[in-house]
Amino acid sequence: MRTRKDLLLAASRLMKQGRTPTMDEVAAEALVSRATAYRHFPKIEALLVEAPLDAAVADPRTLFADDPSDDVEERVDRAEASLHEMIYQNEAQLRILLANSIRRDLTDDSIPARQNRRLPLIEAALAPARARLPEADYERLCAALALVFGVESMIVFRDVLGVDSDTARTVKSWAVRALVRAALQDSTSIAAE
């Protein structure tokens, strides 16, 4: 995954110079071989679609850098809000990325697997409560939150429910807070028994 991330960062740097790089140029910028680059991205188009999206996702360390708060509900809600904003600002590209991901699973395993950008945000947001949750509960909460975070929830809100971004954000805020609250209450109840 580190090599894949290096390729995305290299492509992003080259694209910021105002040009469309070739796979050879991206590989050279990432300090990997052309063959390695093609193993991660069989087509330059897939790389060029994903690179700006990768750069647009908030870095979890930066998002919580100056936040000493242990209000986990608030932290998770803030993480989701940052991803929500990025997703709605990049909807067209994310739909292409999602379509490629679906095609990979159904017909073509040469298309690269999607980068997991939501879990690092979720884990950083949950950090103050990590010690309070048993491992199984923590993993279940991360999985439940991953359903709310991300482009798939945008598809549900936009295409299935026909609601706008603000309404979607309100519902997602309620959902992530409810999930965190329930998980923390469950762990407190178990500890009290």
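In the predicted model described here, Glu 74 is partly exposed, with a relative accessible area of 34%, where buried means under 20% relative accessible area, exposed over 50% and partly exposed in between, as found with a 1.4 Å probe on protein chains only. Residues are numbered from 1 along each chain as its sequence is written. Because the model is predicted, local features need pLDDT of at least 70 and side-chain atom pairs count only at pLDDT 80 or more, whereas totals for chains, interfaces and linings use all residues, and side-chain values use heavy atoms, with hydrogens and water left out.

The protein contains 11 helices and 0 strands, these elements being DSSP runs numbered from the N terminus, with helices (H or I) of at least four residues and strands (E) of at least two. Along the sequence the pattern is accordingly written α-α-α-α-α-α-α-α-α-α-α. Of the 193 residues of the protein, 44% count as buried. Among the contacts (heavy atoms within 4.5 Å) with a separation of 6 or more, 71% are accounted for by residues 24 or more positions apart.

Glu 74 belongs to helix α6, which covers residues 72-89. The C-alpha atom of Glu 74 is separated by 8.5 Å from that of Ala 125, although these two residues are 51 residues apart along the chain. The length of α6 agrees with expectation, because its 18 residues should span 26 Å at 1.5 Å a residue and its end C-alpha atoms are 26 Å apart; the expected span is defined as 1.5 Å times one less than the number of residues. At the start of the helix, a side-chain oxygen of Asp 71 reaches to within 3.3 Å of the backbone nitrogen of Glu 73. The buried residues of α6 include Val 72, Glu 73, Val 76, Leu 83, His 84, Ile 87 and Tyr 88. In general, an α-helix has 3.6 residues a turn, so residues three or four places apart point the same way.

Tyr 88, which also lies in α6, is buried, with a relative accessible area of 13%. Not counting residues up to four places away in sequence, Tyr 88 touches Met 154, Phe 157, Arg 158, Ser 165 and Ala 168. The C-alpha atoms of Tyr 88 and Val 151 are 8.6 Å apart in space, while the two residues are 63 residues apart in sequence. Ser 165 is placed in helix α11 (residues 165-192), and its side chain is joined to that of His 84 by a polar contact of 3.0 Å. A polar contact is here a pair of N or O atoms within 3.5 Å; within protein, one must be able to donate a hydrogen and the other to accept it, and residues adjacent in sequence count only if both atoms are side-chain atoms. With neighbours within four places in sequence left aside, Ser 165 is in contact with His 84, Tyr 88 and Arg 158.

Arg 158 is also joined, side chain to side chain, to Glu 91 by a polar contact of 2.9 Å. Glu 91 is found in helix α7 (residues 91-106) and counts as buried at 18% relative accessibility. Apart from residues up to four places away in sequence, Glu 91 touches Met 154 and Arg 158. Met 154 is one of the buried residues of helix α10 (residues 151-160), together with Val 151, Ser 153, Ile 155 and Phe 157. Helix α10 is followed by Gly 162, whose phi is positive, near 65°.

Helix α1 (residues 2-15) and α2 pack at an angle of about 115°, with their axes 8 Å apart, the axes being lines fitted to C-alpha atoms, for helices over the stretch in contact, and the angles running from 0 to 180 degrees between N-to-C directions. The two helices are therefore roughly perpendicular to each other, since angles under 35 degrees count as roughly parallel, over 145 as roughly antiparallel, 65 to 115 as roughly perpendicular and the rest as oblique. Residues of α1 that include Leu 7, Ala 10 and Leu 14 meet residues of α2 that include Val 26, Ala 27 and Ala 30. The axes of helix α8 (residues 118-126) and helix α9 (residues 135-148) come within 10 Å and cross at roughly 130°, which makes α8 oblique to α9.
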